[in-house]
Amino acid sequence: MERLLLAGGIVVVVAIVALLLERRRPEPPTQPRWATPSQLDRQDFARPEAPWLVAVFTSATCNSCAGVLAKAQVLSSAEVVVQEVEAKVSADVHRRYAVEAVPIIVVADHEGVVRASFVGPATATDLWAAVAEARAPGTSPEPDLGQANDMLGS
């Protein structure tokens with residue numbers, strides 16, 4: 001009986017020590033988010049002659065994609081083509097650019113160079129400011145919106 005009580009006491013002490021050590025464990029380092037394309041072939045998208053493209057990668061099963069697309073569509077003009085790239089309808093484009101998460105918004109210039117991108121739902125203000133900054137550098141009070149360091153959770 002004495003051995004059983006001693007073993008039980010040791011188990012309780014070990015469990016308490018393990019619990020205390022787990023609580024002292026630091027938070028994991030920030031992990032990068034999903035990758036976004038850095039270059040697009042404008043021939044893969046509507047109106048390749050337009051100076052700017054806002055490609056919104058979506059999925060019919062995504063709850064936030066419709067809201068993101070609505071925010072982006074406001075930017076549509078003669079200079080800016082906004083195109084939804086839905087996962088099932090344009091599966092080949094999702095594969096070609098290795099899009100593994102949605103929504104992803106990509107702002108590309110006439111050569112297809114991605115100037116800004118967002119992973120996940122972006123606010124209208126951030127999206128519109130990033131497009132304005134890409135089109136006319138120096139116009140946004142936050143010129144780094146949609147840049148690679150922004151996507152790393154900084």
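The questions below go from strand to helix to surface.

Guide: This is a predicted model: local features need pLDDT of at least 70, side-chain atom pairs count only at pLDDT 80 or more, and totals for chains, interfaces and linings use all residues. Residues are numbered from 1 along each chain as its sequence is written, and side-chain values use heavy atoms, with hydrogens and water left out.

Visitor: How many residues of S1 are buried?
Guide: Strands are DSSP E runs of at least two residues, helices H or I runs of at least four, numbered from the N terminus. Buried means under 20% relative accessible area, exposed over 50%, partly exposed in between (1.4 Å probe, protein chains only). Trp52, Val54, Val56 and Thr58 point one way and Leu53, Ala55 and Phe57 the other, all buried. The count for S1 is seven of seven.

Visitor: Which residue in S2 stands opposite Ala55?
Guide: Strands pair if DSSP finds at least two bridges between them. S1 and S2 (residues 80-86) pair in the parallel sense over seven bridges. Opposite Ala55 stands Gln83.

Visitor: Is Leu4 buried or exposed?
Guide: Leu4 is found in helix H1 (residues 2-24). Its relative accessibility is 61%, so Leu4 counts as exposed.
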